[in-house]
Structures are given as C-alpha cells and as structure tokens.
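Here is a friendly note to read with the model open beside you.

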Amino acid sequence: ILHLIDESCVMLDSFSPFSGKKQLESAILCALNIIAASLEKQNVFFDTHFASNSSILMTGCSKLLLDVNPRSGRSDHMLNITKMVTYNAWLPRQSLMGAKILHYIILQPNVNNQLLGILTANERTKLEIRQGFVECLDNEFYQDGESEELELAIKEEVFALLRDALPQSAPNVAHFLLGFDISKDIRQSNLQQAGVLDFPSTCSKSLVNMLDQYLDNAKGGRVMSEERLKMIESAYNLLYCLCFNFRTSDVFMRFLRSASSDFLCRHVSQLPFAGD
C-alpha cells in the first residue's frame, strides 16, 4: 500500500498524462482509506491484544508510517501522504483522506518533532505543502450539494488538525502551516499578509479572509447553510485557540490588529450574529 502511494506521487508530480491515470487515482483513494481505517481502529486492537495476554509483539500503523521508506531510504511515507493535500483541485477525496491521516498521526505521542522535520526537510516541498493547505481553505470549486459537502469536510478537517496540533511543543505542524517562523522562538514571529515583504500565503491569512468574507455575506443578508455556518464556527474556534495560546497570542493578535485592518473591532461591531 505504501509502495503504491509512493509510486503515485512520482507519477502525479510529473503532471503528464499516462495510461491508467484514473485507475491509479481510484487505487490511491482505496489505499488512503485503508490506512485511515487502520489508524482509527489500532487503539481498540491493541487494547484487545493486551487483554488477551498474548506474547506476540505488535507494531502500530502510526510507527510504520513514520519509519524509513525502503524505496527512498528516507522517512517520507507521511510526506507522500500529506502531498495528497496539494492535489485538492482535482482529487478532493484523496486530499481529505491525506489530511485525516496527518491528523491521526499528529495525535500520537512524541511524533511532533519528527513529523515537522519530515514535512519541512526540503524547501520546495515545504512551500508546496503549506500552499496545498492554503488552497484547501481558500478554494470553493464545488456548486452541487455533494461537492459542497466534500469542500466543507476538507476545511473542517484542516481546522481540526491545526487546533489539535497547536498545543504541542513548539515549533509544531500548526505553527508551520499558519506561517510562524519555526527557525526561532515562534513568539518572535511577525505574521504579514501574503505578498508583504515577500511573505508567503499561509493558513493564518486564509482563516482571517474566510471570516471576513462571512462578515460581508452576513451584512449583505446572504443565507448560508447550516453546514457552512458550522464550518464558520470551527474557524472562530481556531481563532480563539490562537489568541488564547500563550505562544501564539501576542503574534496573532498583533496580526489581527495591523495586517488585518483591526479585525476584532469589525467583527465585534456586528454582534450578535444571526442564529446560534
């Protein structure tokens, strides 16, 4: 399964047509679903195994995913899986499963440093991955009901991933995706809007833009679905976590005040919001 994902990254990154491309994309989704199901069930499996007093030693799926890829000689299984997020424009289901698997791995103990090192070892890949997560939050490609549901599921998963990674020791994957400077004490970071001083696009920018767009829609009286309002609630929840966390609070509130045109005053002035 991991060999299939490794091979698929090589072929898809060529951005060239090849025979069997549709079948490979379907196979990738099956492989990602199997890995996600394994991660979801492994704790119950280990509890049952422990209760049986079996002498057989078991290795978790999460440990396997962080181990060395015999094909490349590097610990890049999770890099390959996370790269699925960068294919969000044409493989949204694979992108969702890639984000889910990364979320599962982030919740494992003592993996933060290793995982961050895997995702940021190469400068070009590091920028591609962060941009992939930005696109997941920025893009709205889908119009029909099923596609909108998928789009919102991807956004919800990214918010949950960032929220759960944020309390971990610094620097962590959330800090990286949100644009904090992970080369030094992140409390010395200076978040900027994309393009200012060559600052890249980040999930911080996407989060603020999404909530500003919601405010504009609310002012214009646009009716939003319950599912989209739930996603907006998740966005405000992440915003709160960033302002509450002692490592990110000063940096992020400074970003809201300056780079985002006094975000807090604009949003508080519209309270109470319609609905819950």
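1. Asn53 sits in the loop between H2 and helix H3 (61-65); helices here are DSSP runs of H or I with at least four residues, numbered from the N terminus. Its phi is near 60°, a positive value in a residue other than glycine. Asn53 counts as exposed because its relative accessibility is 71% (exposed is over 50%, buried under 20%, partly exposed in between, with a 1.4 Å probe and protein chains only).

2. Before you go further: this is a predicted model, where local features need pLDDT of at least 70, side-chain atom pairs count only at pLDDT 80 or more, and totals for chains, interfaces and linings use all residues. Residues are numbered from 1 along each chain as its sequence is written, and side-chain values use heavy atoms, without hydrogens and water.

3. Asn110 is worth a look too, in the loop between H5 and helix H6 (112-120). Phi of Asn110 is near 60°, again positive in a residue other than glycine, and Asn110 counts as exposed at 79% relative accessibility.

4. Two cis peptide bonds deserve a check on your screen. One joins Ala170 and Pro171, with omega about -5°, and Pro171 lies in the loop between H8 and helix H9 (173-178). Another runs from Leu271 to Pro272, with omega near 0°; Pro272 lies in the segment after helix H13 (263-268).

5. Finally, Ile101 is in contact (heavy atoms within 4.5 Å) with residues including Leu32, Leu65 and Met78, leaving aside its neighbours within four places in sequence.

Conventions: Helix = DSSP H or I, 4+ residues; strand = E, 2+ residues; numbered from the N terminus.
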